[in-house]
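Subject: Structure handover

Hello,

Here is the structure you asked to have passed on. Please open it next to this email, and read the notes below with it on screen.

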Amino acid sequence: MTGSKPLQKAIVYLKNTKTLAIKTYISEADGAFRFSGLAPNIDYEVYAEHEGGRSDAKTLSGFDSRREVNVTLKIKGK
């Protein structure tokens with residue numbers, strides 16, 4: 001997101017910090033993105049890119065037992 005405007009078609013990356021495998025997702029019209037089937041007890045890094053800009057990476061902890069986590073990624077460098 002830039003400012004507070006959701007971005008569609010941003011590429012969101014989810015990196016497994018143990019295996020270094022990366023999954024990608026293209027954000028929806030409302031800026032939403034979803035990853036399912038994540039392994040328990042594994043930390044993940046999530047970040048996004050859009051038109052040359054990139055967000056900071058955020059860590060999702062494997063110790064977080066919530067079924068759904070909301071993360072806001074702000075694109076920098078545009």
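Is Lys-76 buried, partly exposed or exposed? Lys-76 has a relative accessible area of 47%, so it counts as partly exposed. Please keep in mind that this is a predicted model.

**Salt bridges**

The structure holds two salt bridges. Lys-76 belongs to one of them, where its side chain meets that of Asp-56 at 2.7 Å, N to O. Asp-56 sits in the loop between β4 and β5 (58-60), while Lys-76 is in the segment after β5, so the pair ties together parts that are 20 residues apart in sequence. Asp-56 is partly exposed, because its relative accessibility is 46%.

The other salt bridge joins the side chains of Glu-28 and Arg-34, with 3.3 Å from N to O. How exposed are these two residues? Glu-28 has a relative accessibility of 31% and counts as partly exposed. Arg-34 reaches 51%, and because exposed means over 50%, Arg-34 counts as exposed.

**The loop between β3 and β4**

Lys-76 also comes up when you look at Gly-52. The C-alpha atoms of Gly-52 and Lys-76 are 8.9 Å apart, and the two residues are separated by 24 residues along the chain. Gly-52 is part of the loop between β3 and β4. With a relative accessibility of 77%, Gly-52 is exposed.

Glu-51 is found in the loop between β3 and β4 (53-54) too. Its phi is positive, at about 45 degrees, although Glu-51 is not a glycine. Glu-51 counts as exposed, with 67% relative accessibility.

**The loop between β2 and β3**

Asn-41 also has a positive phi without being a glycine; here the value is about 60 degrees. You will find Asn-41 in the loop between β2 and β3. The relative accessible area of Asn-41 is 61%, so this residue is exposed.

Ser-27 has its place in the loop between β2 (22-26) and β3 as well. Is Ser-27 buried or exposed? Ser-27 is buried, because its relative accessible area is 5% and buried means under 20%. Which residues does Ser-27 contact, leaving aside its neighbours within four places in sequence? They are Leu-7, Gln-8, Lys-9, Ala-10 and Ala-32.

**Asn-16 in strand β1**

Asn-16 belongs to strand β1. Asn-16 is buried, with a relative accessibility of 11%. A polar atom of the Asn-16 side chain lies 2.7 Å from the backbone nitrogen of Lys-18. When neighbours within four places in sequence are left aside, Asn-16 is in contact with Ala-21, Ile-42, Asp-43 and Tyr-44.

**Val-71 after β5**

Val-71 lies in the segment after β5. Not counting residues up to four places away in sequence, Val-71 touches Phe-33, Val-46, Lys-58 and Leu-60. Between the C-alpha atoms of Val-71 and Gly-37 there is a separation of 17 Å, and these two residues are 34 residues apart along the chain.

**The largest pocket**

How much space lies in the largest pocket? The value is about 960 Å³. The lining of the largest pocket is made up of 36 residues. Those that lie nearest its centre are Phe-35, Leu-60, Glu-68, Val-69 and Asn-70.

The largest share, three residues, comes from β3. Sorted by class, the lining has 20 nonpolar residues, ten polar ones and six charged ones.

**Where to start**

Then go to Gly-52, whose C-alpha atom is 8.9 Å from that of Lys-76. After that, look at Ser-27, which is buried, and at Asn-41, which is exposed; both are in the loop between β2 and β3. Finish with the largest pocket and the residues nearest its centre, including Phe-35 and Glu-68.

Regards

Technical notes:
Residues are numbered from 1 along each chain as its sequence is written. This is a predicted model: local features need pLDDT of at least 70, side-chain atom pairs count only at pLDDT 80 or more; totals for chains, interfaces and linings use all residues. Side-chain values use heavy atoms; hydrogens and water are left out. On a 1 Å grid over the protein atoms alone, a cavity is a set of points where a 1.4 Å probe fits but cannot get out, and a pocket is an open set with protein on both sides within 12 Å along at least five of seven lines; lining residues have an atom within 4 Å of a point. Grid points are joined across faces, edges and corners, and a volume is the space filled by probe spheres set on the points. Helices (H or I, at least four residues) and strands (E, at least two) are DSSP runs, numbered from the N terminus. Ala, Val, Leu, Ile, Met, Phe, Trp, Tyr, Cys and Pro count as nonpolar, Asp, Glu, Lys and Arg as charged, and the others, Gly among them, as polar. Buried means under 20% relative accessible area, exposed over 50%, partly exposed in between (1.4 Å probe, protein chains only). Contact means heavy atoms within 4.5 Å. A salt bridge is a side-chain nitrogen of Lys or Arg within 4 Å of a carboxyl oxygen of Asp or Glu. A polar contact is a pair of N or O atoms within 3.5 Å; within protein, one must be able to donate a hydrogen and the other to accept it, and residues adjacent in sequence count only if both atoms are side-chain atoms.
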